[in-house]
Amino acid sequence: MKLRIFIIWFISSTAFASEHLEPEDSQFSRELFGGYTHLVLSYLGSAYEEDVIVRLIGFPSFSPEYVLGIKQNDKENYIFFESPKMQLWGYQMMPLMEEGSVKVMNDEGEFVKDEAGLKELESQYPKSPQEIPRIRCKKEIRQELADKIQYVWQEMLYETRYPRNFSMGADGQTYHFSAKMFGNLNYAGKVWSPSPESKTGKLVRISDLMVDYCLEGKRRIRKELEKKVSTFKVELENINKSIQPSTNVSVD
């Protein structure tokens, strides 16, 4: 039996201090696997339609990528979710396997090109990523809840910063948050598998509940979402109050 081994050093993400979102990668910073990112954003283009006020692009390690967000117009606010039924990462793997960056160990202990694995992937994936079926949902929410979600999204994006310390991580999930700010501007920040107690962990929990409510539509999930959002909004408001400079002036 062959043992498949990645010869390339692939780290799915980097784990930083999780109280704050981190600045996004870009082509200007020589982003690793930029072609893969472009593919995902192309497939999930609905995330960037004009009426989207907050969004999240999720990159799980072993399941399909997805977009989550809120769309807002004059008549309604609703959560939307979209994901391919197959992980788009397969399109990144095939050229890596073809060029021999990904190899397997044979029975003699030699690293060789994974011909069988490549043929298996090629048989599973259609030629065009756009041919992969999609999972979609939309669920209307009240204006009050939409406003609160927008608030916590934006407040977390305001605090985006580079970390002083980091440790390397593999697997897990990378969350790319962004939102409309000041009209047509978009702010963006990311985090990798944060601890549940951290501020970014609480933001991720809210996004998970949004996905669950969109897909299942259960009142119980909506109630939990409303509670989590309200509690986190108050927490962020209290933090903001504590760091506001004093306006009192003392004159001797």
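**View 1. Glu 144 is a partly exposed residue in a salt bridge.** With a relative accessible area of 45%, Glu 144 counts as partly exposed. (Buried means under 20% relative accessible area, exposed means over 50%, and partly exposed is in between, using a 1.4 Å probe and protein chains only.) What you're looking at is a predicted model, where local features need pLDDT of at least 70 and side-chain atom pairs count only at pLDDT 80 or more, while totals for chains, interfaces and linings use all residues. Residues are numbered from 1 along each chain as its sequence is written, and side-chain values use heavy atoms, leaving out hydrogens and water. The partner of Glu 144 is Lys 148, and their closest N and O atoms are 3.4 Å apart. (A salt bridge puts a side-chain nitrogen of Lys or Arg within 4 Å of a carboxyl oxygen of Asp or Glu.) Both residues sit in helix α4, four residues apart, or about one turn of the helix. (Helices here are DSSP runs of H or I with at least four residues, strands are runs of E with at least two, and both are numbered from the N terminus.) An α-helix has 3.6 residues a turn, so residues three or four places apart point the same way.

**View 2. Lys 199 and Glu 159 pair up across the chain.** Their side chains form a salt bridge, at 2.7 Å from N to O. This pair links distant parts of the chain: Lys 199 belongs to helix α5, and Glu 159 to the loop between α4 and β9 (166-169), 40 residues apart. Are these two buried or exposed? Lys 199 is buried, with a relative accessible area of 9%, and Glu 159 also counts as buried, at 13%. Elsewhere, salt bridges that share partners connect Glu 82, Arg 134 and Arg 136 in one network.

**View 3. Asp 25 meets Lys 190.** This is another salt bridge, with 2.7 Å from N to O. Asp 25 is in the loop between β2 (13-16) and α1 (34-43), and Lys 190 is in strand β11 (residues 185-192), so the pair ties together parts that lie 165 residues apart in sequence. Asp 25 is partly exposed at 38% relative accessibility, whereas Lys 190 is buried at 14%. Count up the salt bridges in the structure and you get 14.

**View 4. Helix α3 has a buried face.** Which residues of helix α3 (residues 115-124) are buried? They are Gly 117, Leu 118 and Leu 121. Look down the axis of α3 and these residues fall within an arc of 100°, so they line one face of the helix. (That arc is taken from the directions from the helix axis to the C-beta atoms.) Over on the other side of α3, Lys 119 and Ser 123 are exposed.

**View 5. Met 210 sits in the largest nonpolar core.** This core has 36 residues, and the ones touching the most other members are Ile 79, Ile 149, Trp 153, Phe 177 and Met 210. The largest share, eight residues, comes from α5. Not counting residues up to four places away in sequence, Met 210 touches Leu 68, Gly 69, Ile 70, Ile 79, Ile 149, Trp 153 and Leu 225. (Touching, or contact, means heavy atoms within 4.5 Å.) Apart from this core lies another, of 25 residues, with Leu 39, Val 52, Tyr 91 and Val 102 among them. In soluble globular proteins, nonpolar side chains tend to be buried together.

**View 6. Tyr 78 is a buried residue in a strand.** Tyr 78 is part of strand β5 and counts as buried at 10% relative accessibility. Leaving aside residues up to four places away in sequence, Tyr 78 touches several residues, including Asp 51, Gly 69, Lys 139 and Ile 141.

How values were computed. Core = buried A, V, L, I, M, F, W, Y, C linked by side-chain atoms within 4.5 Å.
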